[in-house]
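Please walk me through this structure, moving from single residues to the chain as a whole. Please also state the cut-offs behind each term as it comes up.

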Amino acid sequence: MGDTGGRTTTPSVPQEPTPMPRLAFYALAVCVLSVAAAVVSFVQGSWLGIVWVLLAGISSNMAWYYVRRSRDRGRSVTG
């Protein structure tokens, strides 16, 4: 019924980092490809590269979001 005072402690085991979530990996791939497309567009003299730069920014933010969300879910303790 009551606490007997004897506490068992588990040894602290360092947690392994969680692998990168799939959506973050895809967003990162889109970011890299859109940066490459922007470079090619600007080298060819096309102003369409601006659209590729904007897409790179959006996909970069998405990748960070999914990585942070995965990291935060790994830290939360549900019981």
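**Reading the predicted model**

Ala63 lies in helix α2, where helices are DSSP runs of H or I with at least four residues, strands are runs of E with at least two, and both are numbered from the N terminus. This is a predicted model, in which local features need pLDDT of at least 70, side-chain atom pairs count only at pLDDT 80 or more, and totals for chains, interfaces and linings use all residues. Residues are numbered from 1 along each chain as its sequence is written, and side-chain values use heavy atoms, with hydrogens and water left out.

Ala63 counts as buried because its relative accessibility is 9%; buried means under 20% relative accessible area, exposed means over 50%, and partly exposed is in between, with a 1.4 Å probe and protein chains only. Leaving aside neighbours within four places in sequence, Ala63 is in contact with Ala24, Ala27 and Leu28, a contact being heavy atoms within 4.5 Å. From Ala63 to Leu28 the C-alpha to C-alpha distance is 5.7 Å, although the two are 35 residues apart in sequence.

Ser59 is also placed in helix α2, and it is buried, with a relative accessible area of 3%. Not counting residues up to four places away in sequence, Ser59 touches Ala27, Val30, Cys31 and Ser34. The side chain of Ser59 also reaches the backbone nitrogen of Cys31 at 3.3 Å; a polar contact is a pair of N or O atoms within 3.5 Å, where within protein one must be able to donate a hydrogen and the other to accept it, and residues adjacent in sequence count only if both atoms are side-chain atoms.

An α-helix has 3.6 residues a turn, so residues three or four places apart point the same way.

The C-alpha atom of Ala36 is separated by 8.6 Å from that of Trp52, 16 residues apart along the chain. Ala29 is likewise in helix α1 and is partly exposed at 32%; between the C-alpha atoms of Ala29 and Ser60, 31 residues apart along the chain, the separation is 9.3 Å.

Which residues form a nonpolar patch on the surface? Met20, Leu23, Phe25, Tyr26, Leu28 and Val32 do so, with about 610 Å² of accessible area together. Patches are made of residues with over 30% relative accessible area and no salt bridge, like charges being joined within 9 Å and nonpolar side chains (Val, Leu, Ile, Met, Phe, Trp, Tyr) within 5 Å, while a salt bridge is a side-chain nitrogen of Lys or Arg within 4 Å of a carboxyl oxygen of Asp or Glu. Met20 belongs to the segment before α1 (22-43), and is partly exposed at 46% relative accessible area.

For the chain as a whole, there are 2 helices and 0 strands, and 16% of the 79 residues count as buried. Among contacts between residues at least 6 apart in sequence, 57% join residues at least 24 apart. The chain exposes about 7,000 Å², of which carbon and sulfur atoms supply 64%; accessible areas come from the Shrake-Rupley method with a 1.4 Å probe, and for residues only the protein chains shown count as cover.
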